[in-house]
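Subject: Structure handover and salt bridges

Hello,

Here is the structure for your files. Please open it alongside this note.

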Amino acid sequence: MKKKFLIVIIAIFSLLVMPSSVKADSYKDYFTIGGYVKNEFGRDIKLIFTDYKDKVVTDNSITEQVTGSFLIETEEGKYDEYANGKFAIGLGDETFMLYYLNDEGLNSDVEDTKIKIVINANLNDYKGKLTIDLSKAKLGEAVTADGGKEILNLDEVVTEERPKDEVTVVPEENAVISKDILSEIKASGNKVTYENKKDDKVTYAWIFDGSKMTSNDLDVNLELIVNAKDEVGISKLIPKTQEKPIILDFKHSGVLPGGTRVKVNVSDTYKNGDKVTLYYYNETTKKLEEKVTNIEVIDGNVEFSLEHCSTYTLARTNTAPNNANTASMNVYLYSGISLISLIGLSVLVKTYKKNS
């Protein structure tokens with residue numbers, strides 16, 4: 001009996017310490033690249049998911065999670081993008097396939113030896129950039145009626161790059177990050193954080209995730225004034241349920257690359273666990289617009305996504321009770337207690353007289 005009980009305890013402990021999900025160490029742990037097809041209509045590449053098909057989520061037949069592009073070697077020996085597109089989903093009985101669709105099409109007369117195919121995957125358990133160098137690939141004989149070819153030595157021609165996090169500082173003299181640098185971050189798929197420090201304390205930070213960035217044609221000014229002067233009376237526009245506004249004055253104006261996040265140190269005003277709301281000040285209507293709610297203060301910071309820059313303000317949810325309402329409730333409470341006490345006393349007196 002004791003032995004069976006011990007086995008049950010060990011089994012339960014094993015389930016508790018066992019990781020809930022396994023992160024893919026390589027694209028091979030997530031999917032296989034089924035083949036390279038070349039025909040009169042163009043060229044495409046196919047990814048085949050087996051164990052992870054339920055984690056590729058999309059509402060449409062075209063997914064944003066996996067994109068690709070064809071690069072062609074120029075006379076200078078460099079590779080320029082010729083066509084780019086997304087993957088279309090095809091369901092099978094035991095496989096979950098994504099077929100690459102190139103937007104512009106690739107001329108069938110372009111030699112394979114001058115082509116590289118780049119696949120960018122931004123999936124739940126896997127993020128990475130794969131480069132297939134067709135100049136090093138061994139293509140098999142035609143396997144389909146329209147002349148489809150299959151890469152035979154796949155592992156030898158795929159270069160895998162995994163995203164790496166990078167932390168740097170906001171430039172002091174010129175806090176502008178050029179669109180070229182942002183394009184490099186997007187192409188790398190890395191997450192780059194720009195921190196602004198004062199007395200070794202990070203006052204704010206910009207986070208650019210290359211795997212989530214969309215195209216950007218603007219430079220971004222990273223300068224931000226935290227607790228800026230309230231020159232337009234923003235504090236008077238804060239709802240009564242909010243308190244202690246922190247005005248954020250962004251020097252950048254306009255849209256931001258997709259996936260941009262901002263982290264602000266608020267430890268001088270709020271405490272850990274506080275719930276904060278982010279408001280946008282609309283200069284046209286002169287009103288505040290609620291953008292993000294229930295932002296929790298963690299380690300003295302709040303973090304939120306941002307699509308464009310202007311003047312914003314943070315405000316803490318006021319958890320203190322309303323004194324007037326509390327006083328009124330107390331009056332009703334005490335009155336009710338007194339009434340119940342009088343009724344009870346009256347019943348006791350009548351009962352006593354009756355028994356006497």
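Below are the notes on its salt bridges.

This is a predicted model: local features need pLDDT of at least 70, side-chain atom pairs count only at pLDDT 80 or more, and totals for chains, interfaces and linings use all residues. Residues are numbered from 1 along each chain as its sequence is written, and side-chain values use heavy atoms, with hydrogens and water left out.

The criterion is a side-chain nitrogen of Lys or Arg within 4 Å of a carboxyl oxygen of Asp or Glu.

Start with Glu-303. Its side chain forms a salt bridge with Arg-261, at 2.9 Å from N to O. That pair links distant parts of the chain, 42 residues apart: Arg-261 sits in strand S16 (residues 261-265) and Glu-303 in strand S19 (residues 301-305). Strands here are DSSP runs of E, at least two residues, numbered from the N terminus.

Glu-303 also meets Lys-263 in a salt bridge, 4.0 Å from N to O. Again strands S16 and S19 are linked, with Lys-263 and Glu-303 40 residues apart.

On accessibility, Arg-261 is partly exposed at 30%. Glu-303 is partly exposed at 31%, and Lys-263 is partly exposed at 31%. Partly exposed lies between buried (under 20% relative accessible area) and exposed (over 50%), using a 1.4 Å probe and protein chains only.

Next, Lys-251 pairs with Asp-249, with the closest N and O atoms 3.4 Å apart. Lys-251 has 38% relative accessible area; Asp-249 has 22%.

Finally, a network of salt bridges links Glu-243, Lys-271, Asp-274 and Arg-316.

Best wishes

Methods: Helix = DSSP H or I, 4+ residues; strand = E, 2+ residues; numbered from the N terminus.
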